[in-house]
Amino acid sequence: MKLTIERAALLRSLAHVQSVVERRNTIPILSNVLMEAQDGRLGMTATDMDLTIVEQTAASIEEAGATTVSAHTLYDIVRKLPDGSEVELSVAGDGGQLRLRAGRSTFTLSTLPREDFPAVGPTDLPNVFTLQGGEAKNLIDRTRFAISTEETRYYLNGIYVHAASSGDLPVLRAVATDGHRLARFEMPLPEGASGMPGVIVPRKTVNELRKLIDEVEDGIEVALSDTRVRFTFGNTILTSKLIDGTFPDYERVIPSGNDKAMSVDCKTFASAVDRVSTISTEKSRAVKLSLGDGALTLSATSPEAGSAEEEVVIQYDGPPIEIGFNSRYLLDIAHQIEGEGAEFMLADSSSPTIVRDLADTSALYVLMPMRV
Amino acid sequence: MQEAEAVQVLCRDCTALTTPTTSVRRCPSCGARRLVRHRELGSLSFAHLDCDAFYASVEKRDRPELREKPVIVGGGQRGVVSAACYVARLYGVRSAMPMFKALSLCPDAVVLKPDMNKYREVSRGIRDRMSALTPQIEPLSLDEAFLDLAGTSRLHHAAPAQSLARLANEIERDLGVSVSIGLSNCKLLAKIASDLDKPRGFAVIGTAEAADFLADKPVSILWGVGGALQKKLLSDGIRFVQDLLPYEESELMARYGAMGRRLYLFARGQDPRPVEADAPAKSLSSETTFEQDIQDLDSLRRHLWLLCEKVARRLRDKEVAGKTVTLKLRLADFRLQTRSRQLFAPTQSAETLYETGGRLLDENWKAGGYRLIGIGAADLVPGELADPPDFLDPQRTRRIAVEKAVDGLNRKLGTPAVRKGRSFTS
């Protein structure tokens, strides 16, 4: 193998693939990136066995070939090379070391044979549809903050994506919950998705995908079966296992009888919550909402720090009600509301509350109150 | 200044503190021979109090016929030695030694099961007497504590050394157990001192001689230097405390992290750690050593459940909740395994502890037998944050209500009156 490639192009691709590689690996080959040079392209593959990323980039190939080398080491080297350098990569003989040359620098890196690199076999992914970059971003941003980290209920460690109907309209829905809050996002069902199984996309896959799609101009092709999903966009292919579990029946968690509606300017509300929560204890983060006629009082107390109170103008004509929430959960939701107004639908101080964006019905949030 | 300070003499019987001009062998006021001599007796105020062979002493107090016999307090055939009296120690018996080994060293020993309630009562008595001297008390266990008596001289009309001698006498007279006292100026030295003159001791390490005293001692004498660190220090050529002295604080910190700073200060006889009165518990745990090794996963699970019930009950009693669950296993070959897992929300429920602990057990269980199982809850937070309502698991709230109701019943009826069926074998 011998090739030359522009440092910027190599760095960009390496940045993408190395992020999949776990920092600590018990299996040495999984620390490596597979480099394959042929037909004017350098392909780079990294995997943690559950999630695999393949990225192609143009390079001038002198001699085709392949090898594997430590992903983080190679990334660190390329990162430190001066901007605009040309990088020459070559492998001498079979199973030899990888030589990297750029300007006056030369590195000789240990390799492992490409045959040892876990192969991603072609899998049958019968359901194929396309998401626009913006749609995928929204789908992830509106839901991923509610993904649970609880190891016992592993089936909550991802976003549940499935086809459903909202009224008569077929929709693609994404749901995440940890039992204390739930986030649901829906969008018109893309063509080809109607027969898809409900799948749980693991958190790491969601996070890696999110990092990569900011720059996506065309659509993202999503192909899936009930065990795997593949995202294809630009020069990148991300393939992931899905969480093998049953997502709970989240519909019954979304209350339907909450009749006390409060609307509030979202930015004002969020900054007030943020201020007041300075006082609430690190561990509880509780903030109390006291709703009265036209005014909402936010308050927090902590035995050590003291107390805080702030009044916010609201639209509300229900009976007075006091309810406590985790301030961080309130802020997570408020940050996803892009419109001016947020609407809270409450039942009483101990039942789940619904929050939505007044200007955008695609997302809905459910929040469990805290005892305050 | 140093020259001006004459040797002071404390009589441990009448607690008189005098500055005799000639060297004396008997107390000038009462004639007793139990004297402590030191230049800084009048000024040192930091103490470590340690009961002598505590559990065994309490047992001997209650059964005078055992006075001359080797007595070991510990659990069953398979347990470990919780305390060995000084007679048993002559045979080489030490606490934390496996019982079979202790009995092979000292076959005539009288082995008694620990009676924790009794020990707790004596301990409370000691604590009450300490509280009368100072609010600055940090109990380390039932039988030892740090006390800071700075500023108490005027209140008690006695120097801290005198108050401590009086305390030791009172404990011996009223509670029938003896204690050893280490007097110095910090935790590190007070704790070392209490061990110098055991049993029934009173030892002093002064500020002036602290560094000299430590210099030729092995580094393991320092607080926090256990097997692993000792090994690491040794590989860096540091065997004795004085070997630390040539290094700058920054060098030690670079090499040993936060501990490096401690080592730097410790080597100079300095320890800035204050007494932490009522330091809140960092974790709660319970463990059991089996009569015979257990291999079978179901039996292990049954034991685990009982421990989870116990830990959960104590969490609720103390109004705290744990966010991390730790499973502890000791294999038949004595190897220790601990596995921890963070919970999503803090808990004080036995079911939740068991769910997580049981999963850790399933994941780590191997054939070969276990001699001990334990479960602990760590990362403690206030009890009001325990088990927040979970809309995916409405049963959880109900289960916790059941556990609390059972607590109430058990408190009324005596501990294990009401239990889950899970703990019974068919």
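Which residues of chain B form a nonpolar patch on the surface? They are B:Leu90, B:Tyr91 and B:Leu105, with about 330 Å² of accessible area together. This is a predicted model, where local features need pLDDT of at least 70, side-chain atom pairs count only at pLDDT 80 or more, and totals for chains, interfaces and linings use all residues. Residues are numbered from 1 along each chain as its sequence is written, chains are lettered from A and ligands numbered from 1 in the order in which they are written, and side-chain values use heavy atoms, leaving out hydrogens and water.

**Chain B overall**
- Chain B has 14 helices and 16 strands (DSSP runs numbered from the N terminus: H or I of at least four residues for helices, E of at least two for strands).
- Of its 426 residues, 47% are buried (buried is under 20% relative accessible area, exposed over 50%, partly exposed in between, with a 1.4 Å probe and protein chains only).
- Among contacts with a separation of 6 or more, 63% link residues 24 or more positions apart (a contact is heavy atoms within 4.5 Å).

**The patch and its loop**
- Patch members have over 30% relative accessible area and no salt bridge; nonpolar side chains (Val, Leu, Ile, Met, Phe, Trp, Tyr) are joined within 5 Å, like charges within 9 Å.
- A salt bridge here is a side-chain nitrogen of Lys or Arg within 4 Å of a carboxyl oxygen of Asp or Glu.
- B:Tyr91 sits in the loop between helix 2 (86-90) and helix 3 (99-105), and counts as partly exposed because its relative accessibility is 42%.
- B:Ala96 lies in the loop between helix 2 and helix 3 too; its phi is positive, near 75 degrees, and it is exposed at 59%.

- Most residues other than glycine have a negative phi, and most peptide bonds are trans.
- B:Thr15 has a positive phi, near 60 degrees, in the loop between strand 1 (8-11) and strand 2 (17-18), and is buried at 9%.
- B:Lys198 and B:Pro199 are joined by a cis peptide bond, with omega about -10 degrees.
- B:Pro199 belongs to the loop between helix 7 (187-194) and strand 11 (202-204).

**Helix 11**
- Seven of the ten residues of helix 11 (258-267) are buried, so the rest of the structure largely encloses it.
- Those buried residues include B:Met259, B:Leu263 and B:Phe266.
- Their cover includes helix 7, helix 8 (210-215), helix 9 (227-235) and helix 10 (249-256).
- After helix 11 comes B:Gly269, with a positive phi near 70 degrees.

Notes. Areas by Shrake-Rupley, 256 points an atom, 1.4 Å probe, with all protein chains shown as cover.
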